[in-house]
Amino acid sequence: MASFLNHSSMILFFACTLFLQGALGESICENLPTNVCSFSIASSGKRCLLENSENKDGKMEYQCKTSEVVVGNMAEYIETDECVNACGVDRNSVGISSDSLLEPHFTAKLCSPPCYQNCPNVVDLYFNLAAGEGVYLPELCNKQRSSPHRAMIELLSSGAAIDAPAPIASEDEVVVDAPEISPSSF
């Protein structure tokens, strides 16, 4: 009988643990301070995003929310200050947008080795945002390094030239492979 009670209590404990983990995982973004919200991932694997909301006094303030964007292989992650700086992202950015990919200075920082090779969370986010625009980020980064102005023109166009196979790199050109992490789904 004692064995049955121990087994039952372990199952009950396990079930409660799973329930609590799921409940807390869905609300982690809402519990984060706004200064670390952007570029964080809840334990559920969903991205956190900063939104504007009106408080009871009618003033606008930031609020951290859970988005519906799921990251396939990362959870419970808060981006480091080193990656925020290396990638040129802003923790005070509201929502998630591909607009910053149109800024040559931002794309240069995103494609730089300190960001692209060391910050898989940020790269995964912008890899997927670029893909949503019909752009393959590794190829955009290669073009940005060799001809930043041309890369922006191609990004503003239909994107067909960016989707074409990459030319063979010369010895002094750095070729960027796709991120080691799998793209998240939208």
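Biologist: Is E76 buried or exposed?

Modeller: Exposed, because its relative accessibility is 55%. The cut-offs decide: buried means under 20% relative accessible area, exposed means over 50%, and partly exposed lies in between, with a 1.4 Å probe and protein chains only.

Biologist: What should I know about the model before reading on?

Modeller: This is a predicted model, with residues numbered from 1 along each chain as its sequence is written. Local features need pLDDT of at least 70 and side-chain atom pairs count only at pLDDT 80 or more, while totals for chains, interfaces and linings use all residues; side-chain values use heavy atoms, leaving out hydrogens and water.

Biologist: Where does E76 lie?

Modeller: First, how elements are named. Helices (H or I, at least four residues) and strands (E, at least two) are DSSP runs, numbered from the N terminus. E76 sits in the loop between β3 and β4 (77-78). Its phi is positive, near 45°, and it is a residue other than glycine.

Biologist: What is the phi of F39?

Modeller: F39 has a positive phi of about 70°, although it is not a glycine. F39 is in the loop between α1 (2-31) and β1 (40-41). F39 counts as buried because its relative accessibility is 7%.

Biologist: How do I read contacts? Which residues does M60 touch, leaving aside its neighbours within four places in sequence?

Modeller: Contact means heavy atoms within 4.5 Å. With those neighbours left aside, M60 contacts N52, S53 and E54. M60 belongs to strand β3 (residues 60-70). M60 counts as exposed, since its relative accessibility is 54%.

Biologist: Now charges. How many salt bridges are there?

Modeller: The general idea is that side chains of opposite charge can pair when their charged atoms come close. Here a salt bridge is a side-chain nitrogen of Lys or Arg within 4 Å of a carboxyl oxygen of Asp or Glu. The count comes to 3.

Biologist: Which residue pairs with K46?

Modeller: E68 does, with the closest N and O atoms 3.4 Å apart. This pair links distant parts of the chain: K46 is in strand β2 (residues 46-54), E68 in strand β3, and they are 22 residues apart. K46 is buried, with a relative accessible area of 17%. E68 counts as exposed at 60%.

Biologist: Which residue does R47 bridge to?

Modeller: R47 bridges to D124, the closest N and O atoms being 3.0 Å apart. R47 lies in strand β2 and D124 in helix α5 (residues 120-132), so the pair ties together parts that are 77 residues apart in sequence. Both R47 and D124 are buried.

Biologist: How far apart are the closest N and O atoms of R91 and D81?

Modeller: They are 3.2 Å apart, in a salt bridge. R91 is in the loop between α2 (81-87) and α3 (104-111), D81 is in helix α2, and 10 residues separate them. R91 is buried, at 9% relative accessible area.

Biologist: How many aromatic pairs does the structure hold?

Modeller: The rule comes first. Rings of Phe, Tyr and Trp (its six-membered ring) pair if their centres lie within 6.5 Å; planes under 30 degrees apart count as stacked, over 60 as edge-to-face, and the rest as tilted. The structure holds 2 such pairs. F106 and Y126 make a tilted one, 5.0 Å centre to centre with 55° between the planes. F106 is in helix α3 and Y126 in helix α5, 20 residues apart. F106 is buried at 5% relative accessible area, and Y126 is buried at 7%.

Biologist: Why is the pair of F127 and Y136 edge-to-face?

Modeller: Their planes are at 75° and their ring centres 6.0 Å apart, so the pair is edge-to-face. F127 is buried, with a relative accessible area of 10%. Y136 counts as partly exposed at 36%.

Biologist: Last, pockets. What is the volume of the largest pocket?

Modeller: Rolling a probe the size of a water molecule over the atoms shows where empty space is left. On a 1 Å grid over the protein atoms alone, a pocket is an open set of points where a 1.4 Å probe fits, with protein on both sides within 12 Å along at least five of seven lines; lining residues have an atom within 4 Å of a point. Grid points are joined across faces, edges and corners, and a volume is the space filled by probe spheres set on the points. The largest pocket has a volume of about 290 Å³.

Biologist: Which residues lie nearest its centre?

Modeller: F39, D90, S93, G95 and Y126 do, out of 20 lining residues. The elements giving two or more residues to this lining are β2 and α5. β2 gives the most, with 4 residues.
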